[in-house]
Amino acid sequence: MNALYRWLDYWCGQYREVRCEILSSNGNSTTIVLKGYGPNNRPPGSVMRVKPSSVITGQKKEPDTSWHKWTD
């Protein structure tokens, strides 16, 4: 299953994303294979165990439009 892996780049304070493939998942960790360069310049094809909250699947979120009621 294709997904996005998201992590915080400590040095610049930005969130980075890379495409990945989910190999397995349980309650505490998810095993992924990177499709591009990841954190600490890990090359494509690297296998990582990450937190499930760091992996974004193909679900699309509705944009937050609550700010519209406070604007003119």
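Hi everyone, let's start with a hairpin: strands S2 and S3 form one, with four residues between them. Please keep in mind as we go that this is a predicted model.

If you'd like a spot to look for on screen, find Ser 24: its bridge partner in S3 is Thr 31.

Now let's stay with S3 and turn to another neighbour. Strand S4 covers residues 47-50, and four bridges join S3 to S4, again in an antiparallel arrangement. Here you can look for Thr 30, whose bridge partner in S4 is Val 50.

Which residues point which way? Thr 30, Ile 32 and Leu 34 point one way from S3, while Thr 31 and Val 33 point the other way.

Where is Ser 54? You'll find Ser 54 in the loop between S4 and strand S5, which spans 55-56. And why do we call Ser 54 buried? Because its relative accessible area is 13%, and the cut-off for buried is under 20%. What does Ser 54 touch? Leaving aside residues up to four places away in sequence, Ser 54 touches Leu 4, Tyr 5 and Arg 6.

Methods: Residues are numbered from 1 along each chain as its sequence is written. This is a predicted model: local features need pLDDT of at least 70, side-chain atom pairs count only at pLDDT 80 or more; totals for chains, interfaces and linings use all residues. Side-chain values use heavy atoms; hydrogens and water are left out. Buried means under 20% relative accessible area, exposed over 50%, partly exposed in between (1.4 Å probe, protein chains only). Helices (H or I, at least four residues) and strands (E, at least two) are DSSP runs, numbered from the N terminus. Two strands pair if DSSP finds at least two bridges between them. Contact means heavy atoms within 4.5 Å.
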